[in-house]
Each structure stands twice: as structure tokens, then as C-alpha cells.
Amino acid sequence: MEMRVFGRTGMRLSVLGFGCGAVGGLMVRGDPFDQERTIARAIDAGVNYFDTAVQYGNGESEQNLGRILQKLKPPNVVVGTKVRLPSGEFHRISDAVAKSLEGSLARLRLERVDIFHLHNAITETGGGEALSVRQVLDAVVPAFERLRQQGKTRFLGLTAIGDATALHQVIGARAFDSAQVVYNMLNPSAATELPPNYPAQDYGRLFDHTRAAGVGVIAIRVLAGGALSGSSERHPIASPPPEPIGSATSYDADVARARRLLPLVKEGCAASLTETATRFALSHPAIGTILVGMATPQQFEDTLAAVQKGPLPPAALDRLTALQQAFAGEPR
């Protein structure tokens with residue numbers, strides 16, 4: 001397993017992380033035996049980063065991960081979890097953040113997590129369930145720092161969704177050590193400039209900002225919630241099609257656009273669309289680790305096999321860019 005230095009943290013993370021989210025569903029609705037053998041297999045294959053959140057199954061994911069890690073007792077695994085603050089608690093951010101982490105630690109059976117991520121969207125002025133830049137820097141960061149001083153987390157993180165300009169400001173403040181960034185074949189804007197009128201949110205070359213600030217990057221939505229399989233079919237324990245993040249306004253539109261990338265498979269760049277998408281995410285050097293959700297042990301094996309083939313070759317990346325150009329000007 002390839003290991004990459006994670007920003008300025010000094011940690012070395014496996015390039016494939018283990019996503020314990022609700023979209024794939026294994027760690028929320030899966031069979032306990034399948035959960036345990038898949039995590040054991042991942043650890044054996046060299047995976048050392050496990051990513052969860054209280055929102056995944058209302059604590060089920062954290063509880064299942066905690067149960068298994070306590071049983072297996074693997075050395076040197078890195079665990080990240082998250083807090084999403086409801087707008088009703090924006091007036092008491094410090095207390096709400098502390099309470100959320102206490103609950104997460106109890107479910108995970110840990111005294112501390114390695115990375116604690118803010119899960120809310122961040123916009124310039126806030127509103128709704130989004131936090132403003134000032135709320136993040138003036139209230140969330142001090143609350144997170146107190147938890148770090150108490151030994152309850154090692155590093156501070158955020159989920160980089162919201163407005164690109166707001167995310168650039170927050171990352172540029174150098175208060176966070178980790179950023180979970182949307183990056184996939186339907187939306188590569190964290191890495192590269194999009195063509196004019198491209199049908200996706202423009203993250204404005206966010207990787208330039210994470211690199212400048214020494215922030216480690218966790219690539220999320222690598223398969224666009226499953227759309228980059230090119231199939232609308234969902235596994236029985238997977239979530240219903242999720243709302244797209246950063247790409248089309250509907251899941252079906254993402255699936256349709258993903259199918260237009262099938263020439264990459266037909267021309268021999270990779271064996272499947274999911275393999276292509278997985279290897280695409282590995283291809284950017286700014287990325288420390290990628291998260292791929294799964295419903296079954298076999299889906300983990302397929303992802304592992306794709307990762308072991310390494311990043312896409314330059315010719316495949318050039319072909320992808322040419323295919324993406326055709327999306328420009330289409331409605332999102």
C-alpha cells in the first residue's frame with residue numbers, strides 16, 4: 001500500500017482510506033461479521049485511515065467501528081470523525097462541539113481521535129445550516145483547539161463544502177490541518193481550472209490553497225456517491241441515491257454524464273468506470289488519502305485492486321480531459 005505524508009501533520013496515511021459512511025452502508029447497515037472481516041482485511045492490506053461521523057446512521061457507524069477496533073486492537077490506525085452543528089446550536093458552538101466529540105469518543109471506545117472534522121458547509125456570510133467564515137474562525141476553531149489541548153483530538157479538520165471563496169479564506173488561515181475535498185471525474189475543479197460554463201461547482205483550484213497552507217487532503221465523493229459506476233442500481237444496504245455534491249443537480253444527471261466517460265474503459269484505460277474513477281483520484285499529488293464507500297466486502301476488494309494498479313497514466317488523463325470538455329455549456 002502506498003503511503004503519503006499528510007500535510008504538515010507528519011502522519012503517513014495509506015493512499016486508500018476506509019470510508020465508514022452511510023452511502024455505501026457497510027458500517028451502518030451491514031452484517032457485523034462482514035464489517036469485521038472487511039476492516040481486518042483492510043488493515044492487513046495496509047489501510048491505516050478510518051473515517052466516520054456521528055451522522056452516519058445516527059452513531060451506528062462510530063459504534064461499529066469502535067467495537068471492531070477494540071476487538072482487533074490494530075497498532076497505529078488513524079481515526080477521524082466529525083461534528084455537524086445544527087443551526088439551533090450556533091449560539092453555543094463551544095458546548096455543542098464538546099458534547100458531540102464526547103459522544104463520538106464513547107461510541108468509538110477511544111480517549112481521543114486523530115482528526116476531528118467540522119462537517120458543516122462554510123459560506124462567506126453563513127445562513128441556514130451553513131457556518132460563516134467568521135463563525136468558523138472565531139468560534140469553531142477555538143472550540144476545537146480546546147479539545148486538542150485536552151488531548152481529545154490530535155488534529156483539526158473541515159469538510160470543504162460551501163463557497164469556494166469562503167473555503168479559500170478558512171484554509172488560508174492555517175487553523176486546520178486536514179480538509180475533506182470533493183474531487184472526482186465529474187468535478188476536478190479542486191485541481192484544475194474548469195472550462196467556461198462547466199456544469200459543476202467551481203472549487204477554484206482548492207489544492208493550491210491546501211498545499212500553500214500545509215493542509216492534508218482527504219478526497220471525498222471519489223465515485224460521486226456511486227454515480228461514477230455508470231449504473232443507477234443500488235445495493236440493498238446502500239443508501240438511496242444521495243444528493244450530488246458539487247456536480248449535477250440530480251443523481252440521474254450524474255449517472256448519465258458518467259456514462260459519457262465510458263470510452264475510457266472501451267479504449268483500455270481501465271477495466272471499469274469505478275476503477276477509472278478510483279485511479280483518477282489517486283493521480284493528484286496533493287491528495288493524501290481517498291475515501292471510497294462500500295456496501296460489501298467484495299466492493300472493498302475491487303477498490304483495493306484498483307488502488308494497487310496505481311494512478312491513471314498521463315494518456316488516460318488527457319483523454320478524460322477531452323471527454324470532460326464536451327460537458328461545458330450544459331445545464332447543471
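Phe 50 stands opposite Val 79 in strand β5, a pairing that belongs to a predicted model in which local features need pLDDT of at least 70, side-chain atom pairs count only at pLDDT 80 or more, and totals for chains, interfaces and linings use all residues. Residues are numbered from 1 along each chain as its sequence is written, and side-chain values use heavy atoms, with hydrogens and water left out.

Strands (E, at least two residues) and helices (H or I, at least four) are DSSP runs numbered from the N terminus, and two strands pair if DSSP finds at least two bridges between them. The pairings of β5 (residues 78-83) are set out below.

| Partner of β5 | Bridges | Direction |
|---|---|---|
| β4 (residues 49-51) | three bridges | parallel |
| β6 (residues 113-118) | four bridges | parallel |

On the β6 side, Lys 82 stands opposite His 117. The chain crosses from β5 to β6 through helix α4 (residues 93-108), and this β-α-β crossover is right-handed, meaning that, with the strands pointing away from the viewer, the path from the first strand over the helix to the second runs clockwise. A right-handed β-α-β unit is also made by β4, helix α3 (residues 60-72) and β5.

Six of the six residues of β5 are buried, that is, under 20% relative accessible area with a 1.4 Å probe and protein chains only. Val 78, Gly 80 and Lys 82 point one way from the strand, while Val 79, Thr 81 and Val 83 point the other way.

Turning to Ile 290, its contacts (heavy atoms within 4.5 Å) beyond neighbours within four places in sequence include Val 15, Leu 16, Ala 219 and Val 307.

Technical notes: Buried < 20%, exposed > 50% of the residue type's maximum accessible area, 1.4 Å probe, protein only.
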